[in-house]
Amino acid sequence: GSTAQTKISISKNDKDDFVPEDLSEMLAAGTKEVHEKAENTQFVKDFLRGRIRKELFKLGAVALYHTYTAMEEEIERNKDHPQFAPLYFPAELHRHEALARDLEYFYGPDWKSKISCSQATQQYVDRIHQVGQEDPVLLVAHAYTRYMGDLSGGQVLRKVAQRALKLPPTGEGLEFYQFDAIHSAKAFKQLYRSRMNELDLDVATKKKLVEEAVKAFHFNMEVFEELEEIGKTIQEDVQDAGMSVHGETGGDISKCPYYAAKMAASGGTAYFGQLVMAALRHPTGQVLFATWFAALAGLAAWYLM
């Protein structure tokens, strides 16, 4: 009767007890190594020292624009696909329109004629289109890697970035990080993860999804490496906040956004204060690229949610 029904609904909604075969657990475990590899690239180490070029931040937004435009085209194409439909949240998640507004802010009304898709970004875009047209279930891995990272890292760092970039308090230039339709990032991520785990997938497909998520990580790293190369050719003052490398952080959030993400995930209340203090100490420091690395920092938080 009603008691049995109550038990079913409670166990169905209680998503704190994930099992190892759950897709979300498999993705977290399967991308851990590539995440750590990404943390140790020279580009990330420079970033953690607070070496910033504003021009690269803008180019980063261009790369994101092309990436999300491709991903959201394929999501629209496959919104009724049974293995993707439960993850279709256009109003809550989709970013390409927000990125277009950010680019208009940075480059002006004729922004489209001023930007181009870089080689590394094009390879990422091509893969997303291939997946969307040939094996749509793999879109789950691309959506997971980007959106969940954005929600974890981007939200923590948006206001600090606003200060570092001296952007208007009304949010121009950083709309990418503002999810107006999501009131609680944590609750939404739990919902998304539950929906992922309820997808009707066999173990072989889940393993393919883990492999694709690792690929997505590599595509992101290649974009970062390309930006690093471009940075070498840009004659622009480097904003150097003089911070130590990752290994010397000693748990100081001002020096490591990954640590900040982990603290946020584990519910550390002091991290907000530390983040604000970090911003005051290094107003143009690590924070610009901290927003750029929201996907990487965010995935650290995502493991621990």
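Lys 32 and Glu 36 lie 4 residues apart in helix H3 (residues 32-39), and are therefore separated by about one helical turn. Helices here are DSSP runs of H or I with at least four residues, numbered from the N terminus. The structure is a predicted model, in which local features need pLDDT of at least 70 and side-chain atom pairs count only at pLDDT 80 or more, while totals for chains, interfaces and linings use all residues. Residues are numbered from 1 along each chain as its sequence is written, and side-chain values use heavy atoms, with hydrogens and water left out.

The side chains of Lys 32 and Glu 36 form a salt bridge, with an N to O distance of 3.0 Å. A salt bridge is defined as a side-chain nitrogen of Lys or Arg within 4 Å of a carboxyl oxygen of Asp or Glu. In general, side chains of opposite charge can pair when their charged atoms come close. An α-helix has 3.6 residues a turn, so residues three or four places apart point the same way. Lys 32 is partly exposed at 44% relative accessibility, and Glu 36 is also partly exposed, at 38%. These classes rest on relative accessible area: buried means under 20%, exposed over 50%, and partly exposed in between (1.4 Å probe, protein chains only).

Across the whole structure, 12 salt bridges are found. One of them joins Asp 135 to Lys 208, whose closest N and O atoms are 3.0 Å apart. This pair links distant parts of the chain, 73 residues apart: Asp 135 belongs to the loop between helix H9 (119-134) and helix H10 (139-164), whereas Lys 208 belongs to helix H12 (residues 203-233). Asp 135 is partly exposed, with a relative accessibility of 24%, and Lys 208 is partly exposed at 38%.

Helix H12 also holds both Glu 212 and Lys 215, which are 3 residues apart, about one turn of the helix. Their side chains meet in a salt bridge at 3.9 Å, N to O. Glu 212 is buried at 2% relative accessibility, whereas Lys 215 is partly exposed at 41%. Through salt bridges that share partners, Arg 127, Glu 212 and Lys 215 are joined into one network.

Helix H5 comprises 24 residues (residues 54-77) and reaches 35 Å from its first C-alpha to its last, close to the 34 Å expected at 1.5 Å a residue. The expected span is 1.5 Å times one less than the number of residues in the helix. H5 is mostly covered, with 18 of its 24 residues buried.

Key:
Helices (H or I, at least four residues) and strands (E, at least two) are DSSP runs, numbered from the N terminus.
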